[in-house]
Amino acid sequence: MRAFGGRHLCLLLLAAVVAACSCTRSPNQSAAKVSPDEVRVQVARVGFDDETGSNYVLLLDDTESRVLPIMIGENEATAILLALHGIKPERPFTHDLIRSIIGKTGNSVDRIEIADMRDEIYYATIYMDGGRYTIDSRPSDAIALAMNMNAPIYVNAKLFESAPGIGLGGAGKIPDTARALGLTVEQLTPDLASAFGEPGGRGVLVSEVDSSAKKAGVARGDIVVKVGKNDVKALDDFNRQVADVKNGDVTLTLNRDGSNRTVRLAADGAR
């Protein structure tokens with residue numbers, strides 16, 4: 001188990017101090033309100049950018065028309081990845097511990113906002129307890145905390161205008177995903193492979209499931225390792241094999257928690 005870094009310890013102590021004194025201050029109603037300049041976003045994916053050699057988190061607005069990639073540390077990338085796919089670590093990460101401290105003491109996180117960028121560094125604010133507290137934070141820590149507490153994430157609209165290109169394909173869209181058979185799947189990166197117990201990196205990760213696929217037994221976090229009798233080693237394999245399915249049903253072999261299982265899906269949605 002890794003020891004806490006200095007920044008994590010500071011954040012933990014800050015959360016404890018906020019929790020201990022939360023009953024002594026009156027709410028700041030202006031801080032509790034969402035500004036018209038704030039755009040609500042979701043975490044679209046976490047990945048590794050080969051060009052910069054850094055992990056990143058990709059934030060996507062509700063209209064799926066604007067994206068903001070932010071470089072983050074390895075520990076924060078892992079924490080956000082696990083939260084994104086609904087996986088609970090065997091032992092709590094720093095952000096899990098902070099969530100427990102905040103929750104157990106009767107406090108809450110209203111939202112987090114990535115509000116500014118200065119000298120190519122993003123700055124975030126955590127809003128707590130109906131605006132009673134505003135806490136400066138690195139975006140990676142704030143996002144990981146928001147993901148762990150189901151708190152909304154906002155980005156100041158001006159930041160989309162100067163967003164860097166990391167994590168984006170040539171057309172400016174989220175890369176390495178495919179939709180077919182009622183599933184959205186994504187490339188299994190080394191980080192994802194490790195988090196989902198597939199160290200060999202074989203298969204593609206199911207990130208979204210429609211109602212029919214869910215009824216057939218597919219769940220978010222499953223890894224597709226075969227389409228029919230054909231192995232799926234990467235996203236290109238999945239796309240090619242699904243394209244070859246013309247009609248009828250198709251059998252998928254899924255890896256879930258280290259064990260394989262098969263499901264049958266209608267192929268009329270394949271392209």
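This is a predicted model: local features need pLDDT of at least 70, side-chain atom pairs count only at pLDDT 80 or more; totals for chains, interfaces and linings use all residues.
V185 stands opposite V206 in β10.

**Exercise 1.** Describe how β9 pairs with the strands β8 and β10.

*Solution.* 
Step 1. Between β9 and β10 (residues 204–209) there are five bridges, and the pairing is antiparallel. V185 and V206 face each other here.
Step 2. β8 (residues 177–180) also pairs with β9 in the antiparallel sense, over four bridges. In this pairing, A180 is opposite L183 of β9.
Step 3. The hairpin of β8 and β9 has two residues between the strands, and L181 has a positive phi near 60°.
Step 4. Of the five residues of β9 (residues 183–187), four are buried, so the strand is largely enclosed by the rest of the structure.

**Exercise 2.** Find which residues of α8 are buried and what they pack against.

*Solution.* 
Step 1. In α8 (residues 235–243), the buried residues are L235, D237, F238, Q241 and V242.
Step 2. These residues cover an arc of only 155° around the axis, which puts them on the same side of α8.
Step 3. Their packing partners are β8, β9, β10, β11 (223–227) and β12 (230–231).

**Exercise 3.** State the strand order of the open sheet of seven strands and identify the strands at its edges.

*Solution.* 
Step 1. The order is β3-β2-β1-β7-β4-β5-β6, and the pairing is mixed.
Step 2. β3 (67–72) and β6 (133–137) each have a single partner strand, so one side of each is left without a neighbour in the sheet; these are the edges.
Step 3. From one strand to the next, the twist averages 35°.
Step 4. V43 stands opposite L59 in β2.

**Exercise 4.** Work out how α3 and α5 are placed relative to each other and to the strands they lie across.

*Solution.* 
Step 1. The axes of α3 and α5 (residues 139–149) come within 9 Å and cross at roughly 25°. An angle under 35 degrees counts as roughly parallel, so α3 is roughly parallel to α5.
Step 2. The crossing is left-handed. On the α3 side the contact is made by E76, A79, I80, A83 and L84, and on the α5 side by S140, D141, I143, A144 and M147.
Step 3. α3 lies across β1, β2 and β3, at about 115° to β1. The strands that α5 lies across include β4 (109–118), to which α5 runs at about 160°.
Step 4. Among the buried residues of α3 (residues 74–84) are E76, A79, I80 and L84. After α3 comes G86, with a positive phi near 70°.

Key: Residues are numbered from 1 along each chain as its sequence is written. Side-chain values use heavy atoms; hydrogens and water are left out. Buried means under 20% relative accessible area, exposed over 50%, partly exposed in between (1.4 Å probe, protein chains only). Two strands pair if DSSP finds at least two bridges between them. The arc is that of the directions from the helix axis to the C-beta atoms. Contact means heavy atoms within 4.5 Å. Axes are lines fitted to C-alpha atoms, for helices over the stretch in contact, and angles run from 0 to 180 degrees between N-to-C directions. Angles under 35 degrees count as roughly parallel, over 145 as roughly antiparallel, 65 to 115 as roughly perpendicular and the rest as oblique. A crossing is left-handed if the near helix is turned anticlockwise from the far one by less than a right angle, and right-handed if clockwise.
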